[in-house]
Amino acid sequence: MIDVNTKILGLIGDPLGHSISPLLHNHTIRENNLNYVYLPFPIKADNFADALKGFRAINVRGLNVTIPYKEKVIPYLDKIDPLAEKIAAVNTIVNDDGLLTGYNTDLTGLIRMIKEEGDFQIKEKKVMIVGAGGAARASGIAVLSEGVDQVYLVNRTTSKSAKLTKEWQMYYPGVKIYNAGLDAELYQDFIGDIDLLIDTTPVGMSPNIDVPPVIKVEYLHSNMLVVDLVYNPQETSLIKAAKDAGAVHLNGLGMLLYQGIESFKIWTGFEIDVNSWKNLLEAERKLD
Ligand code: ATR
């Protein structure tokens, strides 16, 4: 029931497209009689500054931030979490009586998925990341913040991966960080030792589900955890290949759900059971 004490949460971006966040958060709010509401706020770039001023003025409690504002929002905040600052992207804002703090729960969501669903400890492991866009940026800082031993960044455009690895090296000078192109000869020497492979590219995403994985599948092995951040479909060509190689594998659904769970915890202190969201998505057939 909405009343005079109801606190407002929401999602800002443009376009908001097929976001499932309002469905998920409002489900939890209803099921647990929490006095919140989660609203979609599609905001055009010209109105962005006014909108943020307005959120402060009406004391909105929390916001998720999506494309194209994850970087753009940073100058409007009062504080930023150190890891979100390293990624230079914020997907969650909490408003403490007018003080806006930015977080990146894509990072915490990914770490939780790997630990809880992959039953995998990231510390001191060797990690390979494929792709060098925003998702790779968050994934790299995520594993580095957990104390990995080595990171290999493999990307089609090597100028992009070189730039990213340089940044990571600056933040984590003690870690061995390498970058390579997509030519299999460049990574065949080290992929055998990789414990965790995270593919951050959109390759294999619906509707182009038959496109082969970026990494040559013959190099996958049973001693690695394979994470494909794509969740639509849940079984991508990479996940199929990981299965064939006997590797433990995870798609991006867990990261999507845990980033929302982590955001909700920051705003409300309430811990959502991931299965309640999985069941809801199944019942609503949102994952078909
Ligand atoms: P996001 O912000 O979601 O990570 P992005 O910034 O578009 O998305 O980055 C996608 C990454 O996937 C890029 O690194 C891209 O490679 P380039 O840097 O060479 O553009 C990579 N990528 C996309 N399509 C690819 C493909 N067909 N083969 C290999 N890499 C691909």
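The exercises below work through strands, a cavity and a helix of one predicted model.

In this predicted model, local features need pLDDT of at least 70 and side-chain atom pairs count only at pLDDT 80 or more, whereas totals for chains, interfaces and linings use all residues. Residues are numbered from 1 along each chain as its sequence is written, and side-chain values use heavy atoms, with hydrogens and water left out.

**Exercise 1. Determine how strand β8 is covered and which strands it pairs with.**

Step 1. Helices (H or I, at least four residues) and strands (E, at least two) are DSSP runs numbered from the N terminus, and β8 spans residues 150–154. Five of its five residues are buried, a term that stands for under 20% relative accessible area, with exposed over 50% and partly exposed in between (1.4 Å probe, protein chains only).

Step 2. In a regular strand the side chains alternate between the two faces of the sheet. Gln-150, Tyr-152 and Val-154 lie on one side of β8 and Val-151 and Leu-153 on the other, and both faces are covered.

Step 3. Two strands pair if DSSP finds at least two bridges between them. Strand β7 (residues 126–130) and β8 pair in the parallel sense over five bridges, and Met-128 stands opposite Tyr-152 in β8. The chain passes from β7 through helix α5 (residues 134–145) to β8 in a right-handed β-α-β crossover, meaning that, with the strands pointing away from the viewer, the path from the first strand over the helix to the second runs clockwise.

Step 4. Strand β9 (residues 176–180) also pairs with β8 in the parallel sense over five bridges, with Val-154 opposite Ala-180 in β9. Here the chain crosses from β8 through helix α6 (residues 158–171) to β9, and this β-α-β crossover is right-handed.

**Exercise 2. Describe the sides of strand β10 and its partners.**

Step 1. From β10 (residues 196–199), Leu-196 and Ile-198 point one way while Leu-197 and Asp-199 point the other way, and all are buried.

Step 2. β7 and β10 pair in the parallel sense over four bridges, and Val-130 stands opposite Asp-199 in β10. Strand β11 (residues 225–228) pairs with β10 in the parallel sense over four bridges, where Leu-196 stands opposite Leu-225 in β11.

**Exercise 3. Find the largest cavity and say what lines it.**

Step 1. On a 1 Å grid over the protein atoms alone, a cavity is a set of points where a 1.4 Å probe fits but cannot get out, and lining residues have an atom within 4 Å of a point. The structure holds one cavity of 30 Å³ or more, and the largest has a volume of about 50 Å³, the volume being the space filled by probe spheres set on the points.

Step 2. The lining includes Phe-55, Arg-61, Ile-93 and Asn-95. β3 (62–65) and β5 (92–96) are the elements that give two or more residues to this lining, and the largest share, three residues, comes from β5.

**Exercise 4. Decide which residues of helix α10 are buried and which are exposed.**

Step 1. In α10 (residues 274–283) the buried residues are Val-274, Trp-277, Leu-280 and Leu-281. Seen down the axis of α10, these fall within an arc of 125°, so they line one face of the helix; the arc is that of the directions from the helix axis to the C-beta atoms.

Step 2. On the other side of α10, Asn-279, Glu-282 and Ala-283 are exposed.

Key
On a 1 Å grid over the protein atoms alone, a cavity is a set of points where a 1.4 Å probe fits but cannot get out, and a pocket is an open set with protein on both sides within 12 Å along at least five of seven lines; lining residues have an atom within 4 Å of a point.
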